[in-house]
Amino acid sequence: MTQSSQRFLPLDVFRGMTVCFMIIVNTGGTGGTYWPLDHAPWHGWTPTDLVFPSFLFAVGNAMSFSMRKYEQLGNSAVLGKIFKRTLIIFLLGYFMYWFPFVKHTDTGLTFKPIDHTRILGVLQRIALCYCIASLLIHYCSKKWVWAISALFLFGYWAILWYCGTPGDQYGINGNAGIFLDKMVMGDNHMYHGEGIAFDPEGILSTIPAVVNVIAGYYTGLFVQQQGRTKPGLMRMVLAGVVLFALAYAWNTVFPINKKLWTSSYVLLTVSIDLMLLSLLIFVIDILGVKAGTGFFTVFGKNPLFLYLLSEVMAIMFYFLVVNGVSLYQWINDHIFQPLSPGKFGSLLFSLAFMLTCWCVGYILDRKKIYVRV
């Protein structure tokens, strides 16, 4: 996700909105959160469940500019660039979960054992999806890429249905993904936020997530070619409406579920991304309304860095202790909750945290510093 003067403003705004909202939903305060800022408990979706797939869609948008350069490179150079970028992003995510490498115990700070570190996660999924999508797009024709994408969606559905626990194929304990993750990685290397060892960014559910990147890539190409015209926008909106309808039709037999990253969920999120991007193009490019876009382009120009910054800051806020509680809780309990008790105080903290990250991004943008991976 590198910076390029050739990118269209609506794509930068879309990417920036995604990162901005991602930071807000990841840093809720201690007074509870409003339902749009929570993930759906299991089946179904909320606005928060649209954030991560939109980030993957934005990765695909960026690839529509960078992949053209690969056409002039040799095979070894292409593979080197793809695998290098994949490895860097994957390791950034892995070390972020291990950071700060020590934990508080009754006897003081103790080294966090590597055999209890989560292997997969958000950045790791971005890395894997980028890698698979890049290889497919570079080495296969457009027709074959879409055929393989369909195979990913239908094949994932078949695997969950035939390899899961009968009667609980789409449950948290009975889905095939959890069995594969436990067999390959083991409980200690998985996410435990659901109360059990279950990874929402697991191995199996990465397969359909690749389609979000591929859809973003071909949308980016379309936007460059005819997305700024009214007929082009109508085609994007129509595609979004059709995919939305198909998602809910599929939902009747394969529920929309972010934590399983079901195929119906892929269609839903791509459909909403298409319609949102169409709206941004209409407002910004056709109507010429650019007021306020600068706020989001700050995030859009350094998306990966600012996301990583937000996560590391949150980890340090939880790690540092003030009067027996984490700095994260202390700031909430002594500043934002007294200011406005409950959910609104939590929202104020999230907004303040996001604006802190924005200020860093603003300084980098003013200095023309764009962190490339």
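User: What makes the place of Gly300 part of a helix, and which helix is it?

Analyst: Gly300 sits in helix H10, residues 293–301. Helices here are DSSP runs of H or I with at least four residues, strands are E runs of at least two, and both are numbered from the N terminus. Please keep in mind that this is a predicted model, where local features need pLDDT of at least 70 and side-chain atom pairs count only at pLDDT 80 or more, while totals for chains, interfaces and linings use all residues. Residues are numbered from 1 along each chain as its sequence is written, and side-chain values use heavy atoms, leaving out hydrogens and water.

User: Why does Gly300 count as buried?

Analyst: Buried means under 20% relative accessible area, exposed means over 50%, and partly exposed lies in between, with a 1.4 Å probe and protein chains only. Gly300 has 0% relative accessibility, so it counts as buried.

User: Which residues does Gly300 touch, not counting those up to four places away in sequence?

Analyst: They are Asp12, Arg15 and Gly16. Contact means heavy atoms within 4.5 Å.

User: Is Ser134 buried or exposed, and how do you know?

Analyst: Ser134 has a relative accessible area of 0%, so it is buried. This residue lies in helix H4. Apart from neighbours within four places in sequence, Ser134 is in contact with Met63, Met67 and Ile82.

User: What are the buried residues of H3, and what do they pack against?

Analyst: Among them are Val78, Ile82, Arg85, Ile89 and Trp98. The packing partners of the buried H3 residues are helix H2 (51–70), strand E2 (108–111), helix H4 (122–139) and helix H11 (303–319). As for its length, H3 (residues 75–98) has 24 residues and reaches 34 Å from its first C-alpha to its last, close to the 34 Å expected at 1.5 Å a residue. The expected span is 1.5 Å times one less than the number of residues.

User: How do you know that the span of helix H7 agrees with what it should be?

Analyst: H7 (residues 206–226) has 21 residues that should span 30 Å, and its end C-alpha atoms are 31 Å apart, so the two agree. In H7, 17 of the 21 residues are buried, so this helix is largely enclosed by the rest of the structure.

User: What is the phi of Phe101, and why is this residue called partly exposed?

Analyst: Phe101 has a positive phi of about 75° although it is not a glycine. Its relative accessible area is 30%, so Phe101 is partly exposed. Phe101 is in the loop between H3 and E1. Pro100 is also found in the loop between H3 and strand E1 (102–105), and a cis peptide bond with omega of about 5° joins Phe99 and Pro100.

User: And why is Trp261 called buried?

Analyst: Its relative accessible area is 0%, so Trp261 is buried. Trp261 is in the loop between helix H8 (230–251) and helix H9 (263–286), and has a positive phi of about 50° although it is not a glycine.

User: Stepping back, how many helices and strands does the protein chain have, and why is it called as compact as a globular protein of that length?

Analyst: The chain has 13 helices and four strands. Its radius of gyration is 21 Å, close to the 21 Å that the globule rule gives for 373 residues, so it is as compact as a globular protein of that length. The radius is taken over C-alpha atoms, and the rule is 2.2 Å times the number of residues to the power 0.38.
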